[in-house]
Amino acid sequence: MLVRVSHSEGRTSLADYRSALTTRAARRPVVASLLARLPIAMIGISALLYVQRETGSFAAAGLVSAGSLVGVSVGAVVQGRLIDRFGPTRPLLVVALFSALSMAALVTAIESHAATPVLVALGAVTGLSEPMVGSASRALWTRLLPPGGARNAAFSYEAISMEVFFILGPGVAGLLVLAPWAGTGLVLGVALQFTGAVLFALSPAVRAWGPSSTSSGSLLGALASPGMRTLALAALGFGVVIGFVEVAVPASATEAGSPSFGGLLLSAWSLSSVAFGVAYSLRPWPRQLGQRLPALLGGFGALVALLAWPSSLWGLALMMLLAGALITPQSTAHSAAIELVAPEGTAAEAFGWVLTAVTLGLAAGQSVSGYLVEHAGPSTAFLAASVAGLVLAAAVWLLRGTVRPAVATTAPAPALVGAGH
């Protein structure tokens with residue numbers, strides 16, 4: 001039996017970023033994954049704004065968005081396990097095709113003003129079939145790079161690049177919802193995602209990742225590790241807080257008479273997230289991941305409470321810049337923790353569980369926030385988000401001792417041929 005030694009407290013240098021991103025075998029999948037993941041935030045916000053515009057209800061839009069996120073939460077784990085077992089190429093190609101077909105069905109239902117339960121069900125199907133390029137991309141780095149600073153930088157890059165997409169996505173969605181057809185952003189996003197997923201799946205480094213005979217030996221898979229379950233709880237809290245805000249911010253903009261400003265506001269807090277995230281990855285604190293996870297979540301919850309204070313959209317934008325500083329540090333901490341606590345042979349599935357936890361949190365937060373916005377106003381939703389984040393941070397703090405190296409029963413996956421510079 002082999003106990004892994006952790007190399008992953010998450011500290012990096014700028015040279016590590018350069019080393020990771022110039023790895024020869026990584027170049028094509030990096031570009032393809034950028035294209036596939038670019039519209040992730042754009043699709044979610046576009047769908048929410050599209051449904052709201054067609055139905056006139058933020059509550060209905062929140063339910064459809066939540067249904068999609070529940071689908072993503074299931075699909076992330078199922079696809080992650082399939083990717084670990086069979087390699088990414090075949091699962092991603094099949095799912096990409098199914099995703100395009102299911103999204104066409106959702107658009108048709110929205111245009112025909114189908115009942116809300118029908119929209120929610122179709123939203124769940126589209127979420128289930130969203131290609132999990134992010135899980136495969138993150139897991140691919142463990143095959144391209146040895147443990148150490150460059151791999152940590154690659155994980156940090158994955159989190160930071162996602163925040164860049166969350167800067168661009170909501171703003172683009174907010175603008176495209178004003179196009180002659182409100183579904184423009186949704187269709188454009190799906191087209192980009194489909195193209196990127198196919199190109200990623202067919203890139204040489206990804207195709208070289210063949211079927212694996214290793215398994216975690218448990219029906220729970222990656223969740224067999226207690227530390228993995230604690231990480232999932234931290235990711236759940238992260239998603240809950242963001243879910244509340246993603247509904248309350250557009251509602252605040254609509255109340256102020258500037259509905260298109262909602263997407264731009266959501267981009268605002270990602271601006272500070274990326275800037276602070278890069279600096280934080282150079283010297284993360286607390287150094288111990290078991291303490292870092294609850295500290296970052298608790299700080300995030302406390303800062304989100306400030307969003308209830310401003311009386312203008314400009315004031316809200318300023319507070320979002322402040323609160324957003326702790327988004328990317330949490331994402332990078334989650335990636336670093338996966339490297340520490342996930343059993344060997346479950347890299348894609350482990351990332352899938354983190355994504356599942358985040359999306360379940362988003363679904364819960366958006367559903368409750370939609371109700372609170374309509375019955376008590378956006379300020380109440382912001383305060384509820386803060387309370388939820390602080391409570392879940394306290395629970396993660398109590399479980400911090402479980403965040404330690406997992407016990408593995410299999411050898412690490414060999415590096416891919418041609419992974420050098």
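This is a predicted model: local features need pLDDT of at least 70, side-chain atom pairs count only at pLDDT 80 or more; totals for chains, interfaces and linings use all residues.
Biologist: OK, and what caps the N-terminal end of α4?
Modeller: S57 does, with a side-chain oxygen 3.1 Å from the backbone nitrogen of A60.

Biologist: How far apart are the end C-alpha atoms of α4?
Modeller: 41 Å. Helix α4 covers residues 58-86, and its 29 residues should span 42 Å at 1.5 Å a residue, so the two agree. The expected span is 1.5 Å times one less than the number of residues.

Biologist: And α16, what span should it have?
Modeller: 42 Å for its 29 residues, 347-375, and its end C-alpha atoms are 42 Å apart, which agrees. Just after α16, G377 has a positive phi of about 100 degrees.

Biologist: Switching topic: which domains is the protein divided into?
Modeller: Domain 1 is 27-210 and domain 2 is 221-407, with bounds from an automatic or database domain assignment. Their centres, taken over C-alpha atoms, are separated by 19 Å.

Biologist: How many residues does each domain bring to the contact?
Modeller: Domain 1 brings 39 residues and domain 2 brings 42, where contact means heavy atoms within 4.5 Å. About 3,400 Å² is buried between the domains, and carbon and sulfur atoms give 68% of that. Buried area is the accessible area (1.4 Å probe) that two parts lose on being put together, summed over both.

Biologist: How many residues are in the largest nonpolar core?
Modeller: 83, and M228, V245, W269, F300, V304 and M320 have the most contacts inside it. A nonpolar core is a set of buried Ala, Val, Leu, Ile, Met, Phe, Trp, Tyr and Cys residues joined through side-chain atoms within 4.5 Å. Buried means under 20% relative accessible area, exposed over 50%, and partly exposed in between (1.4 Å probe, protein chains only).

Biologist: Where does this core lie?
Modeller: Between domain 1 and domain 2, because both give residues to it.

Biologist: What does V245 touch, beyond its neighbours within four places in sequence?
Modeller: V245 is in contact with P250, L266, W269, V304, L307, M320 and F382. Apart from this core lies another one, of 31 residues, including I83 and W141.

Biologist: What about S273, is it buried or exposed?
Modeller: S273 is buried, at 0% relative accessible area. It sits in helix α12, residues 261-282. The side chain of S273 makes a polar contact with the side chain of T328 at 2.5 Å. A polar contact is a pair of N or O atoms within 3.5 Å; within protein, one must be able to donate a hydrogen and the other to accept it, and residues adjacent in sequence count only if both atoms are side-chain atoms.

Biologist: Which bond joins W285 and P286?
Modeller: A cis peptide bond, with omega about -5 degrees. P286 is in the loop between α12 and α13 (289-304).

Biologist: Last one: what is the phi of H113?
Modeller: Near 55 degrees, a positive value in a residue other than glycine. H113 is in the loop between α5 (89-111) and α6 (116-128), and H113 counts as exposed at 54% relative accessibility.

Conventions. Residues are numbered from 1 along each chain as its sequence is written. Side-chain values use heavy atoms; hydrogens and water are left out. Helices (H or I, at least four residues) and strands (E, at least two) are DSSP runs, numbered from the N terminus.
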